[in-house]
Amino acid sequence: MTERESIMSQTRAFVKAALEHDSSGHDWWHIVRVARSAKLLAEIEGGEAYVCELAALLHDIADEKLNVSKEAGLRRVEDWLAEAGVDVNTAEHVMLIISTMSYGGGGGALMETLEGRIVQDADRLDAIGAIAAARTFVYSGWKGRLICDPNVRPRVTMTKEEYRSGKDTAVNHFYEKLLKLKALLNTESARMLAEERHVYMVRYLEAFDREWELGNSEYLAERLGQTQEPERIHVVFDASAASSLRYLFREASSEYVVLLADDLSVGPLDDSGAPPGTLQRRLAWMSERGMLGNSKAEYFRDGVEWRSWPQRLADRRVVVWAAGNAREQIGLRRLTAHIPESADVRVIDAPSRIFERTNGAILHTHTGEVPLGELGDLVEQGQALTTEQQSEYAADWQRLIREAGELRVIVEGRIQSVPEDYWDEMILQAAISVASTKGRMYTAASLVGQFIGLSDQRLNDSFLFARVRHLVERGKLHGGGNPEAIGGYNVGFGEPSPSDAELPDPASIQAYMEWARQYATEAGEIERLLSAERDADEQVLSMLRALSDGCQADARMRRMVAKVIDDFMNERQIYAERRNAVIGMLSAMQRTGSTDEDRQA
């Protein structure tokens, strides 16, 4: 054993004996982890591994938290280095590292040597991540601190003495120190290692906050990590819109985004004031149709959110982002029916604003489609919700409750309850359209995507997938594959049978040619009529576009004309594809008949 190996062995035994019974989170295994990290970083960054490991082993022997004073702790280390026979230069280097590496409230100068920066990073890495979370709660219990107290807010700035002795909680320690450490690391290697650990802590705190929020009427005043309450609450009804707004307001603590994600356009309605069991019935309805998958708990949480949020908005400034689709408009009505009158509510229909701004050139179906920059421009343009409007929305919500429907759509500008099979025939038409380009069988995702793309409404893809499976069960479509995965379930009109692929005999061919020749004249006339109809469609579209160009000064009329154009194009597309297929067949008949006549001549 070399001299250095002997010193390291003695040092490990000394530190283990001193800290193996520690219950503050600075125990022997913390030392082991820091020493391992220090050695690894030294290898990568080019530091002297012996110095790094020795300093890492001894760094908490001097910690003032575990000694009567910082000076007493440093003397203890210095005495050990001399006793172990560490050479003077190495001992001085180790003492320099240990005496300057402490966080101490976030202050302090840059470590003087590479080895110092490495050891400091190794120690800080053990204060970032899953193990760090466990150490935080152990240390807080050791100090007699609470896990969380909403009346004790995180401190933005503090002296070293306040950091050590001020009133604090375990959760606040994340915001006061742990979340700041990634930005304070010295080496690129440590920063890379810290990325995943930092994300874990952020997600952990988000989970903690969600649990703290449950059923908490004072949640907005007690949110984790906040030093003040939000000045304005933004309510949205789909996840993509929430994600956009949260990114937009990521640096604005005065703005808070609430997601009420439950899609109220499908399924039995669960009213906040309804008897117990309505939410369970709603979930049971979705489960029967295979709409929940492995996300039943998530859907349940979405339903529970409606139980608390309206009342939390009392006396608040509220912005409701609600586009003109059934999902968002029903959400607006339910929220309005239960929100306290003291709330200052403004409503923004972002797609409509953009439609008007672009003279009908851009039409979005829901708020989540609107680009981030456009949302930012609209933040201050909400229309105040009047008392009369609030009463109308609340009454409309009660109407929907009374109708007890299972599907709601917008028809002629009004939310209407319709039968569950409302979309079935249109889904079948879309299936024919997809088959014309993708063949007889294709994924259910292709069919649902085609249907959503053709619609001017915001549709629930899980519900549509359930209807596709229902059509398969009824024999309207063929299906195969995994019926629980929209991308792994194939639907369509079945693969051709072996007999379909066989060529007809010559007699059959002759019979067909005689039939085609007999009806060639009628086929030509039908083709002419259908071709004229196709030309008429183009003329109608051209006239509608001219009408739109001619009413630029009237935004309402322009929008109405654009809607007519969209509806006309959507409705005609499937028919046009069928018509073209018929024209092709008729042309083939004429060619067959003409060829037969020529051959006979």
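Start with strand E1 (residues 232-236), which is joined to strand E2 by five bridges, the two running parallel. In that pair, His 234 stands opposite Val 257 of E2. Helices (H or I, at least four residues) and strands (E, at least two) are DSSP runs, numbered from the N terminus. Two strands count as paired if DSSP finds at least two bridges between them.

Before going further, a word on the source: this is a predicted model, where local features need pLDDT of at least 70, side-chain atom pairs count only at pLDDT 80 or more, and totals for chains, interfaces and linings use all residues. Residues are numbered from 1 along each chain as its sequence is written, and side-chain values use heavy atoms, with hydrogens and water left out.

Back to the sheet. Five strands form an open sheet in the order E2-E1-E3-E4-E5, with mixed pairing. Its edge strands are E2 (255-259) and E5 (383-384), each of which pairs on one side only. Is E2 enclosed or open? Four of its five residues are buried, so E2 is largely enclosed by the rest of the structure. Buried here means under 20% relative accessible area, exposed means over 50%, and partly exposed is in between (1.4 Å probe, protein chains only).

Strand E6 (residues 407-411) and strand E7 (residues 414-418) run antiparallel and are joined by five bridges. Val 409 stands opposite Gln 416 in E7. Two residues lie between the strands of this hairpin, and Glu 412 takes a positive phi near 55°. E6 is mostly covered, with four of its five residues buried.

Now the chain as a whole. The secondary structure comes to 26 helices and 10 strands. Of the 601 residues, 46% count as buried. The chain exposes about 30300 Å², and carbon and sulfur atoms supply 51% of that; accessible areas come from the Shrake-Rupley method with a 1.4 Å probe, and for residues only the protein chains shown count as cover. Among contacts with a separation of 6 or more, 66% are between residues 24 or more positions apart, where contact means heavy atoms within 4.5 Å.

Next, the interior. A nonpolar core is a set of buried Ala, Val, Leu, Ile, Met, Phe, Trp, Tyr and Cys residues joined through side-chain atoms within 4.5 Å. The largest one has 54 residues, of which Leu 54, Leu 58, Val 77, Leu 81, Val 86 and Val 94 touch the most other members. Helices that each supply at least two residues of this core include H1 (3-19), H3 (49-58), H4 (70-84) and H5 (88-100). Which residues does Leu 81 contact, leaving aside neighbours within four places in sequence? They are Leu 54, Leu 58, Val 86, Ala 91, Val 94 and Met 95.

On to charges. A salt bridge is a side-chain nitrogen of Lys or Arg within 4 Å of a carboxyl oxygen of Asp or Glu. The count by this rule is 28. One of them joins the side chains of Arg 33 and Asp 126, at 2.8 Å from N to O. Arg 33 lies in helix H2 (residues 28-45) and Asp 126 in the loop between helix H6 (114-125) and helix H7 (130-143), so this pair ties together parts 93 residues apart in sequence. Arg 33 is partly exposed, at 22% relative accessibility, while Asp 126 is buried, at 5%. Asp 126 also forms a salt bridge with Arg 135, with the closest N and O atoms 3.6 Å apart. Arg 135 is buried, with a relative accessible area of 14%.

A further salt bridge joins Arg 312 and Glu 213, with closest N and O atoms 2.4 Å apart. Arg 312 is in helix H15 (residues 296-312) and Glu 213 in helix H11 (residues 188-213), 99 residues apart. Both residues are buried. Finally, a network of salt bridges links Glu 288, Arg 289, Glu 420, Asp 424, Arg 467 and Arg 474.
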